[in-house]
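Please brief me on this protein chain, starting from one residue and working out to the whole fold.

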Amino acid sequence: MKQLLLVFLGGGLGSSLRYILGKYLNSAANGIPYGTFAANILGSLIIGIILGMAAKNEMLSQNTTLLLATGFCGGFTTFSTFAYENHIFLKNGDFGLFAIYTIASFILAFAAVFLGMWLVRLV
């Protein structure tokens, strides 16, 4: 039960922060979802750091990893919003923005996870 509560609390914090990023960074003028993009890339970096720390000499407890990786990062990053925003790009015929947003999100998110884990090795 304690582990479920930790995931719940972390998810609530992550979701709240993602909402704030979207509110202030998503552009209504040009429709580009900078907030979602930032949350997904930053969340990928954070989860890389967290899981790198958890793997490195067990620096983080299982409960802390659940709170931060499963809870916070799970709530902070959002594949469903990403998919919906891509749907809007396609619906509006913005094939270039669709391609750029999708490719950049995948490449940068993967790179951010690796960067996070690499940074932990340096410490």
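In this predicted model, Ala-39 touches Arg-18, Leu-21, Phe-76 and Thr-77, leaving aside residues up to four places away in sequence. Ala-39 is found in helix H2 and is buried, with a relative accessible area of 0%.

**Overall layout**

- The protein chain has five helices and zero strands, which gives the pattern α-α-α-α-α when read along the sequence.
- Along the principal axes, the C-alpha atoms of the protein chain fill a box of roughly 50 × 30 × 20 Å.
- Of the 123 residues in the protein chain, 32% are buried.
- Taking contacts between residues at least 6 apart in sequence, 70% join residues at least 24 apart.

- The buried residues of H1 are Leu-6, Gly-10, Gly-11, Gly-14, Leu-21 and Gly-22.
- These buried residues of H1 pack against H2 and helix H3 (62–76).
- H3 has 15 residues, which should span 21 Å at 1.5 Å a residue; its end C-alpha atoms are 19 Å apart, which agrees.
- Thr-65, Leu-66, Ala-69, Gly-71, Phe-72, Cys-73, Gly-75 and Phe-76 are buried in H3.
- The buried residues of H3 pack against H1 and H2.

**Helix H4**

- H4 has 13 residues and reaches 18 Å from its first C-alpha to its last, close to the 18 Å expected at 1.5 Å a residue.
- Phe-82, Glu-85, Asn-86 and Phe-89 are buried in H4.
- Seen down the axis of H4, its buried residues fall within an arc of 100°, so they line one face of the helix.
- An α-helix has 3.6 residues a turn, so residues three or four places apart point the same way.
- On the other side of H4, Ser-80, Tyr-84 and Lys-91 are exposed.
- H2 and H5 are included in what covers the buried residues of H4.
- Just after H4, Gly-93 takes a positive phi of about 75°.

**The largest pocket**

- The largest pocket has a volume of about 260 Å³.
- It is lined by 13 residues, and the closest to its centre are Asn-40, Ser-44, Phe-79, Ser-105 and Ala-109.
- Helix H2 (34–55), helix H4 (79–91) and helix H5 (95–122) each supply at least two residues of the lining.
- Which helix gives the most to this lining? H5 does, with five residues.
- By class, the lining has seven nonpolar, six polar and no charged residues.

**Points to keep in view**

- H2 holds Ala-39, is packed against by the buried residues of H1 and H3, and is part of what covers the buried residues of H4.
- H2 also supplies at least two residues of the lining of the largest pocket.

Terms used. Residues numbered from 1 in each chain as written. Predicted model: local features only at pLDDT ≥ 70, side-chain atom pairs only at ≥ 80, totals over all residues. Heavy atoms only, no water. 1 Å grid on protein atoms, 1.4 Å probe; cavity = no way out; pocket = protein on both sides within 12 Å on 5 of 7 lines; lining within 4 Å. Points joined across faces, edges and corners; volume = space filled by probe spheres on them. Helix = DSSP H or I, 4+ residues; strand = E, 2+ residues; numbered from the N terminus. Nonpolar A, V, L, I, M, F, W, Y, C, P; charged D, E, K, R; others polar. Expected span 1.5 Å × (residues − 1). Buried < 20%, exposed > 50% of the residue type's maximum accessible area, 1.4 Å probe, protein only. Arc of directions from axis to C-beta. Contact = heavy atoms within 4.5 Å.
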